[in-house]
Amino acid sequence: MASSSCFSSARLLLLAACCGVLLAMAGHAYGHPPSNGPAALSSTFYDASCPGAYNIVRRVIQDARVSDPRLPASLIRLHFHDCFVQGCDGSLLLDDNLPAIQSEKNVLGNKNSVRGFEVVDNIKAALENACPGIVSCADILALAAEISVELAGGPRWSVLLGRRDGTTTNIEGAKNLPSPFDPLDKLQEKFRNFNLDDTDLVALQGAHTFGRVQCQFTRENCTAGQPQGALENLDQVTPNVFDNKYYGNLFDGRAQLQSDQVMLSDPAAVVTTAPIVHRFAGNQLDFFRNFGASMIKMGNIGPLTGRDGEIRKNCRRINSKGY
């Protein structure tokens with residue numbers, strides 16, 4: 001695995017371990033006060049009821065990424081696209097079951113784009129075998145996001161758990177996901193709608209430091225003879241590594257997505273997002289800390305807890321009768 005330009009491989013491993021400790025309190029640190037909503041969420045939620053949950057999720061992802069190096073980036077994207085619709089409730093995972101359920105998977109921002117559902121199915125099956133009816137699909141996405149980042153060389157953070165699964169989808173909300181073509185003011189508006197500020201915006205966009213994108217969504221569009229679904233590396237320097245090189249790409253004008261480059265190029269960015277881009281480009285530890293804090297904050301968007309929602313037996317379908 002390639003190392004960061006700022007850290008050697010050994011120091012990066014040490015950094016990730018240190019960040020795991022530091023980010024346990026990251027929801028309060030670095031300008032990210034804890035949300036008032038998810039009082040029932042806790043990093044120890046499954047310690048008694050399913051103590052092996054984290055290791056089960058990690059094992060399934062480790063096995064799957066051997067044949068699919070894109071998988072970690074795909075799994076964190078599922079968590080983003082779930083939380084940005086009607087909160088982190090696993091609604092994105094539901095298949096069509098008309099007329100009751102119209103799947104969010106088929107809207108423009110998701111269709112033929114979001115992936116990794118089979119791996120989520122495998123995680124759920126493994127958890128149901130070990131701890132039937134305990135771990136929600138929404139929490140699987142939250143755990144998978146953190147594990148995917150850590151496996152790719154990024155930070156660890158303390159994942160708050162205890163979400164329950166939604167029993168509805170929100171098609172109109174899914175149509176309003178952040179777009180690769182959004183200007184800066186539209187991105188800021190969409191993030192503010194979920195109480196996410198400019199630091200969260202710049203940090204969370206940093207997830208584009210790994211993974212692939214269809215060429216039809218890039219600034220260059222597709223080259224002659226290239227099909228629209230052809231894949232391009234989001235970060236052409238270290239495409240499978242979670243590091244801060246993404247921000248250096250912005251300075252070089254090499255961001256694949258217009259919605260990334262505007263954080264530096266938009267005239268309003270000078271006093272909003274550009275200083276944060278500068279910080280993260282020059283300090284990977286600062287980026288890692290803030291990324292973990294922003295992931296915790298995003299994971300706190302509208303969770304269902306207590307008796308709300310259900311614990312799905314199958315992430316693709318609501319239960320015929322709740323637990």
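Predicted model: local features only at pLDDT ≥ 70, side-chain atom pairs only at ≥ 80, totals over all residues.

Colleague: Which residues of α4 are buried, and what covers them?

Modeller: The buried residues of α4 are Phe 117, Val 119, Val 120, Ile 123, Lys 124, Leu 127 and Glu 128. The cover over these residues includes α2 (53-65), α3 (71-86) and α5.

Colleague: At what angle do the axes of α3 and α4 cross, and which residues make the contact?

Modeller: Two packed helices are described by the angle between their axes and the distance between the axes. The axes of α3 and α4 come within 10 Å and cross at roughly 80 degrees, which makes α3 roughly perpendicular to α4. From α3 the contact is made by Leu 71, Leu 75 and Leu 78, and from α4 by Phe 117, Val 119 and Val 120.

Colleague: How is that contact of α3 with α4 divided by residue class?

Modeller: No polar and no charged residues take part in the contact of α3 with α4. By class, its count is 6 nonpolar residues.

Colleague: Which residues have the most contacts inside the largest nonpolar core, and which helix gives the most to this core?

Modeller: The largest nonpolar core has 77 residues, and those with the most contacts inside it are Ile 76, Leu 127, Phe 291 and Met 295. The helix that gives the most to this core, with 10 residues, is α5 (residues 137-151).

Colleague: With which residues is Ile 76 in contact, leaving aside its neighbours within four places in sequence?

Modeller: Ile 76 is one of the residues with the most contacts inside the largest nonpolar core. Leaving aside neighbours within four places in sequence, its contacts are Ala 145, Val 149, Ala 207, Phe 210, Phe 291 and Met 295.

Colleague: Where is the peptide bond from Leu 98 to Pro 99 placed in the fold, and is it cis or trans?

Modeller: Pro 99 is found in the loop between α3 and α4. With omega near 10 degrees, the peptide bond from Leu 98 to Pro 99 is cis.

Colleague: Is Ala 100 buried or exposed, and what is the distance in space between Ala 100 and Thr 169?

Modeller: Ala 100 also lies in the loop between α3 and α4. Its relative accessibility is 63%, and a residue over 50% counts as exposed, so Ala 100 is exposed. Ala 100 and Thr 169 are 69 residues apart in sequence, and their C-alpha to C-alpha distance is 9.4 Å.

Colleague: Which residues other than glycine have a positive phi, and are they buried or exposed?

Modeller: Asn 112, in the loop between α3 and α4, has a phi near 55 degrees. Asn 195, in the loop between α7 (184-192) and α8 (198-205), has a phi near 60 degrees. At 68% relative accessibility Asn 112 counts as exposed, and at 58% Asn 195 also counts as exposed.

Colleague: Is Leu 257 buried or exposed, and with which residues is it in contact?

Modeller: Leu 257 has its place in the loop between α9 (245-251) and α10 (258-265). Its relative accessible area is 6%, under the 20% limit, so Leu 257 is buried. The C-alpha atoms of Leu 257 and Leu 234 are separated by 8.0 Å, at 23 residues apart along the chain. Leaving aside neighbours within four places in sequence, Leu 257 is in contact with Pro 180, His 208, Val 213, Phe 217, Thr 218, Arg 219 and Leu 234.

Colleague: What pattern does the chain follow along the sequence?

Modeller: The chain has 12 helices and 2 strands, and buried residues make up 53% of its 323 residues. Read along the sequence, the pattern is α-α-α-α-α-α-α-α-β-β-α-α-α-α.

Terms used. Residues numbered from 1 in each chain as written. Heavy atoms only, no water. Core = buried A, V, L, I, M, F, W, Y, C linked by side-chain atoms within 4.5 Å. Buried < 20%, exposed > 50% of the residue type's maximum accessible area, 1.4 Å probe, protein only. Helix = DSSP H or I, 4+ residues; strand = E, 2+ residues; numbered from the N terminus. Contact = heavy atoms within 4.5 Å. Axes fitted to C-alpha atoms, helices over the stretch in contact; angles between N-to-C directions. Parallel < 35°, antiparallel > 145°, perpendicular 65-115°, else oblique. Nonpolar A, V, L, I, M, F, W, Y, C, P; charged D, E, K, R; others polar.
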